[in-house]
Amino acid sequence: MRHRLVIGVHLVITDHRGHVLLGLRPATAAFGALQWHVPAGHLEDESAQQCAVREAHEELGIGIDPDALHLLHTLHQRNPDNGHARLQLFFGVDRYTGHIANCEPDRCVALQWWPPDALPASIVPYTAGALAAITAGVIYAEAGWTT
């Protein structure tokens, strides 16, 4: 059987202090309800960089040149609840145009900058793991796979 997986594209946007932008998911969210998460989306019929550019515009109202993206971390995970595989790509953003705004208030109830060494307790677990890995310089990790 061929392996099928969902690809998630994540934006790691930092400010001049090195704080990372997180959004709080609403209580009604099917995934990560009332948890903080980096801006992200699922890959559609597009490249990963095109997805990152699209998500930045849709969620935050900012423009990103694909050349301003750099891959920071890749997480290959298997969901413990349903066994589905996911490949999570975390892109750093070197620069963007426009001003960050919450353009999807039905999917994000707040945006906030967090120091990487003091992330909120209510953060999506794999997001916390990926941000810790990025801080440590780890570019690839796996989770949920049995050996």
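I started at the β5–β6 hairpin: six residues sit between the two strands, and Gly-83 in the turn has a positive phi of about 80°. This is a predicted model, where local features need pLDDT of at least 70 and side-chain atom pairs count only at pLDDT 80 or more, while totals for chains, interfaces and linings use all residues. Residues are numbered from 1 along each chain as its sequence is written, and side-chain values use heavy atoms, with hydrogens and water left out.

**Strands.** Helices (H or I, at least four residues) and strands (E, at least two) are DSSP runs numbered from the N terminus; two strands pair if DSSP finds at least two bridges between them. I counted nine bridges joining β5 to β6, which run antiparallel. His-73 has Phe-90 in β6 as its bridge partner. On to β8 (residues 140–143): β5 pairs with this strand in the parallel sense, over four bridges. There I found Gln-77 opposite Ala-143 of β8.

Next I looked up the open sheet of three strands, which has the order β3-β2-β7 with antiparallel pairing. β3 (36–37) and β7 (110–114) stand at the edges with a single partner strand each, so one side of each has no neighbour in the sheet. Two bridges hold the antiparallel pairing of β2 and β3, and Leu-24 has Trp-36 in β3 as its bridge partner.

**A loop residue.** The loop between β2 and β3 contains Leu-34. I noted its phi, near 60°, as a positive value in a residue other than glycine. Most residues other than glycine have a negative phi. Leu-34 is partly exposed at 49% relative accessibility; buried means under 20% relative accessible area, exposed over 50%, and partly exposed in between (1.4 Å probe, protein chains only).

What is the volume of the largest pocket? I got about 990 Å³. A pocket here is an open set of points on a 1 Å grid over the protein atoms alone, where a 1.4 Å probe fits, with protein on both sides within 12 Å along at least five of seven lines; lining residues have an atom within 4 Å of a point. Grid points are joined across faces, edges and corners, and the volume is the space filled by probe spheres set on the points.

The lining has 40 residues, with Arg-25, Phe-31, His-37, His-42 and Tyr-126 nearest the centre. α1 gives the most, five residues. I sorted the lining into 16 nonpolar, 12 polar and 12 charged residues (Ala, Val, Leu, Ile, Met, Phe, Trp, Tyr, Cys and Pro count as nonpolar, Asp, Glu, Lys and Arg as charged, the others, Gly among them, as polar).
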